[in-house]
Amino acid sequence: MRTRITDLLGIRYPIIQGGMARIADARLAAAVSNGGGLGIIACGGASVDWVEEQVKLARSLTDAPIGCNVMMMDRNVPDIAALLCELRIDVIATGAGSPADYIDAWKEAGIKVVPVVASTALASRMARLGADAVVAEGTESGGHIGELTTMALVPAVCETVDIPVIAAGGIADGRGMVAAFALGAEGVQCGTRFLTVEECPIAEEYKLKVLDAKDSDTIVTGRGTGHPARMVKNQFARKARKLEANVEANGEELEQMYLGALRRAVSGDVDNGTLMAGQIMAVIRERKTAADVIEDMMREAEALGALDLQQMAEANAARARQL
Ligand code: TUI
């Protein structure tokens, strides 16, 4: 299939992998890109040297396009931004802030720029500044989140900008992809779905938490401090929520807790780490490879998309009868 997203990014399928700070490395990104999607190396929390090494490694693992995600709250953003120009990375996605100051330089270097937005206001600003596409990311997502749901945000963004929109937040299979396209998207971004794939470098304990989780097993911390993030409910999250009730008194303890919390999660400390994951983990039960996730999603979406509403309703009723 072709959409403005596959044409823009030079990829086979309109599926891109979410950033996932401290998780998405060259091997995961290359596996996604080799599977026909767009793999993304997460620069969030990483050093310039690590990013350089990972981009070079990814290039040795695939000839397909590769992207990087820049976390705008990071202190080393100016250095990362310059490095990615030098390396001529194919695509830059951004999150947790506005990349307004960097778009011109990235475009001049021939890089496709795809900011992640959580509101129509930022989407229209990004389009005006020359972004090639936007990711409209709903609050169902894992990690740093905005307020609006994917269901409300995606159509609103699609009505606001004429560049292609990639939907994110709560999408992990063909059903989600068809729903996103019905809302106006021309591509999807999935993070949580790639957490449990074979090529994802997180600890087995983290993967098991995601595979075992039910719909009500995520929690949002940081609303009190202005940095809301969705993660698997665990000891860390419960304690953070308690302390946040009085940020003034507990600010320092909270800061200490968050130090290294992503790293702890990734290395398997499922009690004291931030196990970032989105709400859709409730329907993820298989492990698969990255390429199989993409193939299965496309097959399921194409089969569903070929149905009319009457046929969809009948298929849904038939599935319910089998429960
Ligand atoms: O960025 C993400 N998700 C992330 S970043 C991350 S790293 C982290 N580590 C520790 C604590 C917190 C984060 C983990 N997950 N998604 C993209 C995203 N961007 N979602 C929402 C936004 C966003 C929100 C507000 C983008 C811009 C914005 O406002 C900027 C402005 O200037 O209006």
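Tutor: Residues are numbered from 1 along each chain as its sequence is written. In this predicted model, local features need pLDDT of at least 70, side-chain atom pairs count only at pLDDT 80 or more, totals for chains, interfaces and linings use all residues, and side-chain values use heavy atoms, leaving out hydrogens and water.

Student: Which residues of H12 are buried?

Tutor: Helices are DSSP runs of H or I with at least four residues, numbered from the N terminus. Buried means under 20% relative accessible area, and exposed means over 50% (1.4 Å probe, protein chains only). In H12, the buried ones are Asn250, Leu254 and Met257.

Student: Why do the buried residues of H12 line one face of the helix?

Tutor: Look down the axis of H12 and take the directions from the axis to the C-beta atoms. Those of the buried residues share one arc, so they line one face, and that arc is within 60°.

Student: Which exposed residues does the face turned away carry?

Tutor: This face of H12 points away from the buried side. Its exposed residues are Glu248, Glu252, Glu255 and Gln256.

Student: Which helices do the buried residues of H12 pack against?

Tutor: Here contact means heavy atoms within 4.5 Å. The partners are helix H11 (235-244) and helix H13 (261-266).

Student: Which residue follows H12 and has a positive phi?

Tutor: H12 covers residues 247-258. After this helix comes a residue with phi near 75°, and that is Gly260.

Conventions: Helix = DSSP H or I, 4+ residues; strand = E, 2+ residues; numbered from the N terminus. Expected span 1.5 Å × (residues − 1).
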